[in-house]
Amino acid sequence: MDQMKIGLFLKELRNEKGLTQEQLAEKLNVSNRSVSRWETASTLPDISLMIELADYYEVDIKELLEGERKSEIMNKESKETFNKIAEYSVERTKSQLETFGIFTEILIVIGIIISITLAKFVADNTVQLIVTLICGWFVWSYGIVLRVKIRKALKELTDR
């Protein structure tokens, strides 16, 4: 138990309530000198007064005895943890999108190969040529659409 830390915490809590030492002393039926001694770490309040102070300041008795708000520390640690998780999630999503982007580029190349090369060598008549070209263009355009969507998603992730 750090008596100085407790004293500073008691003073901080009193100031948050906008009270003077005299006003707090009056509420607790103690002398303002007692309040001053608590805050300068000369003495600590009785346990019954600690309970009353904890209730009045709306803090846990453990927080009073440790001289700090645990909820604030936990909130800060939780925020840091959530931020790290969010950063990891964004980086993982970027990586997945980039990998999928390679797939879309392969689709574009396959579409071009289908529409140019296969149409030239496989199609024996006009109907086969048209079907092969349509299939090639479909694969090619689908690859381009997916690639555009991936670039947009990556840009949104990067801008965050």
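Analyst: Helices are DSSP runs of H or I with at least four residues and strands are runs of E with at least two, numbered from the N terminus. The model is predicted: local features need pLDDT of at least 70, side-chain atom pairs count only at pLDDT 80 or more, and totals for chains, interfaces and linings use all residues. Residues are numbered from 1 along each chain as its sequence is written, and side-chain values use heavy atoms, leaving out hydrogens and water.

User: How far apart are the end C-alpha atoms of helix 7?

Analyst: Helix 7 has 34 residues, and at 1.5 Å a residue it should span 50 Å. That expected span is 1.5 Å times one less than the number of residues. The end C-alpha atoms agree with it, being separated by 49 Å.

User: What separates Lys155 and Asp159, in helical turns?

Analyst: Their side chains meet in a salt bridge at 3.1 Å, N to O (a side-chain nitrogen of Lys or Arg within 4 Å of a carboxyl oxygen of Asp or Glu). An α-helix has 3.6 residues a turn, so residues three or four places apart point the same way. Lys155 and Asp159 are 4 residues apart in helix 7, so the separation is about one helical turn.

User: How many residues apart are Glu68 and Lys5?

Analyst: Their side chains meet in a salt bridge at 3.6 Å, N to O. Glu68 sits in the loop between helix 5 (61-66) and helix 6, and Lys5 in helix 1 (residues 3-16). The pair links distant parts of the chain, and the separation is 63 residues.

User: Is Glu39 buried or exposed?

Analyst: Glu39 belongs to helix 3 (residues 32-39). Leaving aside residues up to four places away in sequence, Glu39 touches Gly7, Leu8, Leu10, Lys11, Arg14 and Gln21, where contact means heavy atoms within 4.5 Å. With a relative accessible area of 6%, Glu39 is buried.

User: What distance separates the C-alpha atoms of Lys27 and Tyr56?

Analyst: Lys27 is in helix 2 (residues 21-28) and, at 47% relative accessibility, counts as partly exposed. Tyr56 is among the residues that Lys27 touches. Although they are 29 residues apart along the chain, their C-alpha atoms are separated by 9.7 Å.

Conventions. Buried < 20%, exposed > 50% of the residue type's maximum accessible area, 1.4 Å probe, protein only.
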